[in-house]
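Hi,

Here is the structure I promised to pass on. Have a look at it first, and then read my notes below.

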Amino acid sequence: MKTIVLLAVAGLVAVPAFAGTPCDDVKAKIEAVGFDSLRLQFEVNALGPLRVARALTENLGNGSKLGIITSRMGSIADNDSGGYYGYRASKAAVNAIGKSLSIDLKPRGIGVFLLHPGYVATDMVDGTGDISPEVAAERLVGVLDRLELGQTGTFWHSNGSQLPW
C-alpha cells in the first residue's frame with residue numbers, strides 16, 4: 001500500500017456565546033457560556049476529526065500520516081488568557097483523541113500528528129490573522145513532511161516548533 005497523507009480539518013468557534021461580555025470579566029464569560037454552542041463545537045472540532053479517522057484509516061497503511069488540524073488554544077499549558085470555553089475544550093479534546101489515535105495506529109506504521117496552523121486570516125477571525133490560508137497550508141505540509149513515526153502523537157505549530165500540551 002502506498003503512503004497516504006490524510007488531513008482532518010474541523011474548526012468552529014462560537015464567539016456569539018460571549019457576545020456582549022467584556023473579555024476581561026471572567027465571571028461574565030462564565031455566565032455567558034452557551035451549552036448548546038459548546039456541544040456544537042465538540043461535535044465539529046473534536047468528534048469531526050475522529051469520525052474522519054474512523055471512516056478512512058482502513059485506507060491507510062505503513063508509512064501513512066494522519067494530520068489533525070487543531071489549535072494552540074487547545075493547549076492547557078499555553079492557556080494564559082482564559083475564555084472561549086467551548087473552543088478551548090473541544091480543541092483539547094481533539095488533542096487527546098489524536099494522542100490516543102497515535103498510540104492505536106503506531107503498530108500499523110501510521111503516524112498521527114496534531115497541527116496548529118497559526119493565526120490564519122480566515123472568516124473565523126474576521127480576516128485579522130497574521131498569515132494567509134495559503135501560507136498556513138504550505139507550512140503545515142512542510143511540517144508534516146518532516147515528521148516521522150517516532151514523533152507520532154506530538155503537537156506542532158506550522159512554524160515548525162513543538163507545542164506544549
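**The pocket and a helix pair**

Helix α4 gives the largest pocket the biggest share of its lining, namely five residues. Keep in mind that this is a predicted model.

So what else lines that pocket? β1 (5-9), α3 and α4 (133-146) each put in at least two residues. The pocket holds about 840 Å³ of space. Its lining has 34 residues, and the ones closest to the centre are Tyr87, Pro117, Gly118, Met124 and Val125. By type, the lining splits into 19 nonpolar, nine polar and six charged residues.

Now for the helix pair. How do α2 and α3 cross? The axes of α2 (residues 35-56) and α3 (residues 85-105) come within 8 Å and cross at roughly 20°. Angles under 35 degrees count as roughly parallel, so α2 is roughly parallel to α3. The crossing of α2 past α3 is right-handed.

If you want to find the contact on screen, look on α2 for residues including Leu38, Phe42, Pro49 and Ala53, and on α3 for residues including Tyr87, Ala93, Ile97 and Leu101. The residues of this α2 and α3 contact come out as 13 nonpolar, four polar and one charged.

Cheers

Conventions. Residues numbered from 1 in each chain as written. Predicted model: local features only at pLDDT ≥ 70, side-chain atom pairs only at ≥ 80, totals over all residues. Heavy atoms only, no water. Axes fitted to C-alpha atoms, helices over the stretch in contact; angles between N-to-C directions. Helix = DSSP H or I, 4+ residues; strand = E, 2+ residues; numbered from the N terminus. Parallel < 35°, antiparallel > 145°, perpendicular 65-115°, else oblique. Left-handed = near helix turned anticlockwise from the far one by under 90°. Contact = heavy atoms within 4.5 Å. Nonpolar A, V, L, I, M, F, W, Y, C, P; charged D, E, K, R; others polar. 1 Å grid on protein atoms, 1.4 Å probe; cavity = no way out; pocket = protein on both sides within 12 Å on 5 of 7 lines; lining within 4 Å. Points joined across faces, edges and corners; volume = space filled by probe spheres on them.
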